[in-house]
Amino acid sequence: MNDSYLNFVNSPFGARLASSLGLPKPEVLRRYRADRPEFEGLIAVGAGPQPRMLEALAGMIARTGMTGVAHESAGLWIPLAQRHGMLTGRFEPVASGARGASGSAQGRMSALLFDASGIEDTTQFDTLYAFFHDALRSLDKCGRIVVFGRPPEVCATTRQWTAQRALEGFTRSLGKEARRGITSNLIHVAPGAEALAEATLRFFLSPRSAYVSGQVVRIETVTHALPVFDWKQPLAGRRALVTGAARGIGASIAEVLSAEGAQVIGVDIPSAKEVLDRTMRALNGTALAFDIAAPETPAQLAAALDENGVDIIVHNAGITKDKTIAKMTAAAWHSVIDINLAAQERIDDTLLEAGTLRHGGRIIGVSSISGIAGNRGQSNYATSKAGVIGRVQSMAPHLLERHITINAVAPGFIETQMTAKIPLAIREAGRRMNSMSQGGQPVDVAQTIAWLAHPASAGVTGQVVRVCGQSLLGA
Ligand code: NAD
C-alpha cells in the first residue's frame with residue numbers, strides 16, 4: 001500500500017514545502033536489499049565498567065566486516081579488535097553541526113554500540129551518558145543504537161537489578177529522540193550466553209530491522225550446540241509452513257524465508273487458492289488450500305507434511321471483525337478467536353504430538369500491538385492476539401527439551417489490505433503515531449520472523465518482539 005504523504009515530503013518540492021510549514025518529514029527507511037552490502041561503515045563502541053560482552057562482540061563485528069572505533073569509555077576495544085584482525089581506531093565526535101567525511105573515524109557512524117553488561121549500580125551510569133552524549137550527533141540517518149545489558153532477574157544484587165532495568169527507559173528514550181529512521185534496542189544477555197547473541201546483534205545492526213525499535217530482547221543459554229549453517233543462506237535445508245501466505249504479510253514471510261534458503265509450504269483458504277498457487281509457484285514452494293479453522297485441518301497438515309516434517313511454523317493467518325462489544329455478533333466474536341488463536345493451538349498440538357515439528361524447530365506467532373494495548377472495537381481481535389502472547393510465554397519452557405523455540409511478533413501499523421480498510425483519519429493517525437512517523441511494510445514483519453527462525457536464534461524463546469516503529473500504543 002502507498003503512503004502518499006511520505007512520498008510527497010521526500011520529493012524536492014514536498015521537502016521544501018514541509019520544511020517551510022514545519023511539517024514532520026518521515027525518513028525513507030533503508031531496507032535490506034540483496035544487491036547492497038548488509039553491513040558497512042563505522043560502529044562507535046562504548047562501555048561501562050567491567051564490560052562482559054566486549055570480547056564476544058569483537059569477533060561478531062569482525063565477521064560483519066564493519067569497522068569498530070573505540071570511544072574513550074571502551075579502552076579495551078582496540079586490542080580486542082586487533083586480535084580479531086579488524087580495522088579500528090579511536091572514535092572522535094563530530095563537532096556540533098559539522099558533517100565529517102564518511103569513512104573516517106571522525107565521520108558519520110552507521111551504529112553506536114554500548115556494553116552496559118558490567119554496570120552494577122546507578123553510580124556507574126556516567127559512561128553511558130558520556131558515550132551517547134558524545135556520539136549520538138555522529139550517528140547517520142537510519143543508523144542503529146544497540147545497548148547490551150544483563151537480564152535484571154539474574155542480577156546478584158538489588159542495586160544491579162535496578163541499574164540494569166533502568167537501561168530500558170534509556171534505550172527507548174534514545175529511539176524517540178534520535179528520529180531520522182534510527183532504531184534503538186536493548187539486548188539482555190544471560191551470563192554464559194554471550195556467544196549466542198550474534199544472530200540478534202546482526203539483525204539489529206542490519207537494514208532488516210528497519211521498523212523494529214524500542215525493543216528489549218533476552219538471550220538465554222542453551223544446553224545444545226548450534227547446527228552448522230551459512231550466514232548467507234541460514235535456512236537452507238529447512239522446511240517452513242506459513243499460514244495466510246497468499247497475500248500481505250504472509251506472502252512476504254514466504255518470500256523472505258525462501259530467500260534465506262527455506263523450502264516454503266504456504267497455506268490459505270480455498271477461495272484464495274489461485275493467488276496462493278501463484279505466490280508459491282514463484283518461490284518453488286507448495287500451496288495447500290486449507291481453512292486453518294476447519295476441524296480436519298491439523299490432521300491434513302500433518303499428512304501433507306509427511307515423514308519429512310517441518311522445521312518452522314509461522315502462524316500468520318488472521319482476520320478482523322471490528323465492532324464494539326455491545327454491537328458485536330456472537331459469530332464475529334467466535335470466528336476471530338477461532339481463526340486467530342484456537343486454530344493455532346489445535347495445529348501445534350497435532351504437529352507436536354506427531355513429531356512433525358522437528359527437533360530444534362521454531363514456532364512464530366503473529367500477534368499485534370492491539371493484543372498489548374487493547375483497542376476500541378477490537379475486543380475479539382485483541383483477545384485473540386493477547387492469547388498468542390500467552391501461548392508463547394506458557395509453551396516456551398515445555399519446548400526447551402526438544403530445543404524448539406516459540407516467539408511472537410507484534411506488528412503495529414503495517415501497510416496491507418487489512419489496514420487499507422481502516423477509515424482514512426484513523427489510518428493516518430495509526431501511520432504517524434510512532435518514532436518513524438510512518439507505517440511499516442510487510443517485509444519488516446517478515447525479516448523479524450526470519451531472524452527468530454534463524455538456527456543461531458536458539459537462545460531467544462518465549463518472547464514478543466514488536467514491529468511497530470516504536471508505536472506509542474501500548475508502549
Ligand atoms: P491480510 O488480510 O492481507 O492477509 C491475511 C491472510 O490470511 C489472507 O491471505 C487470508 O486469506 C488468510 N486467512 C484468513 N483466514 C484464514 C483461514 N481461516 N485459513 C487460512 N488462511 C486464512 O492480512 P495481513 O495484514 O497480511 O495480516 C497478517 C497477520 O498480521 C494477521 O494475523 C494480522 O492480524 C496480523 N497483523 C497485521 C497488522 C497490519 O497492520 N496489517 C498489524 C498487526 C497484526
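# Briefing: charges, fold and selected residues

The protein carries 47 positive and 41 negative side chains, and the centres of these two sets lie 6 Å apart. This is a predicted model. The protein contains 16 helices and 14 strands. Its radius of gyration is 22 Å, close to the 23 Å that the globule rule gives for 475 residues, so the protein is as compact as a globular protein of that length.

**Overall shape and surface**

- The C-alpha atoms fill a box of roughly 65 × 55 × 45 Å, taken along the principal axes.
- Of the 475 residues in the protein, 55% are buried.
- The accessible surface comes to about 19,800 Å². Carbon and sulfur atoms account for 54% of that surface.
- Take the contacts between residues at least 6 apart in sequence: 74% of them join residues at least 24 apart.

**An annotated domain**

- UniProt, in an unreviewed entry, places the feature "domain: Ketoreductase" at residues 238-412.
- Residues 238-412 are 46% helix and 22% strand.
- The end C-alpha atoms of this span lie 29 Å apart.

- Helix H7 covers residues 198-205 and is mostly covered: eight of its eight residues are buried.
- Among the buried residues of H7 are Arg-202, Phe-203, Phe-204 and Leu-205.
- Phe-39 lies in the loop between helix H2 (12-21) and strand S1 (42-47).
- Is Phe-39 buried or exposed? Its relative accessible area is 13%, under the 20% cut-off, so Phe-39 is buried.
- Leaving aside neighbours within four places in sequence, Phe-39 is in contact with Arg-202 and Leu-205, among others. Both Arg-202 and Leu-205 are buried residues of H7.
- Phe-39 and Leu-186 are 147 residues apart in sequence. In space they are 19 Å apart, C-alpha to C-alpha.

- Gly-118 has its place in the loop between strand S4 (109-115) and helix H5 (126-135).
- Gly-118 counts as buried, at 2% relative accessibility.
- Which residues does Gly-118 contact, leaving aside its neighbours within four places in sequence? They are Pro-49, Gln-50, Pro-51, Arg-52 and Gln-124.
- Gln-50, one of those contacts, lies in the loop between S1 and helix H3 (54-64).
- Gln-50 is exposed, with a relative accessible area of 56%. The cut-off for exposed is over 50%.
- Gly-118 and Ala-453 are 335 residues apart in sequence and 30 Å apart in space, C-alpha to C-alpha.

**Positive phi angles**

- Most residues other than glycine have a negative phi.
- Gln-50 has a phi near 45 degrees, a positive value in a residue other than glycine.
- Asn-284 has a phi near 55 degrees, again a positive value in a residue other than glycine.
- Where is Asn-284? Asn-284 lies in the loop between helix H9 (273-282) and strand S10 (286-289).
- Asn-284 is exposed, with a relative accessible area of 69%.

- Glu-260 has its place in the loop between helix H8 (248-259) and strand S9 (263-268).
- Glu-260 counts as buried, at 10% relative accessibility.
- Not counting residues up to four places away in sequence, Glu-260 touches Arg-208, Gln-233, Pro-234, Leu-235, Ala-236 and Ala-450.
- Glu-260 and Gly-85 are 175 residues apart in sequence. Their C-alpha atoms lie 28 Å apart in space.
- Asn-380 lies in helix H13, which covers residues 379-399.
- Asn-380 is buried, with a relative accessible area of 0%.
- Leaving aside neighbours within four places in sequence, Asn-380 is in contact with Lys-321, Met-328, Ala-332, Trp-333, Val-336 and Ile-337.

Technical notes: Residues numbered from 1 in each chain as written. Predicted model: local features only at pLDDT ≥ 70, side-chain atom pairs only at ≥ 80, totals over all residues. Heavy atoms only, no water. Helix = DSSP H or I, 4+ residues; strand = E, 2+ residues; numbered from the N terminus. Rg over C-alpha atoms; globule rule 2.2 N^0.38 Å. Buried < 20%, exposed > 50% of the residue type's maximum accessible area, 1.4 Å probe, protein only. Contact = heavy atoms within 4.5 Å. Areas by Shrake-Rupley, 256 points an atom, 1.4 Å probe, with all protein chains shown as cover. Lys, Arg positive; Asp, Glu negative; His and termini not counted. Charge placed at Lys NZ, Arg CZ, Asp CG, Glu CD. UniProt positions renumbered as here; feature names shortened; annotations may be inferred.
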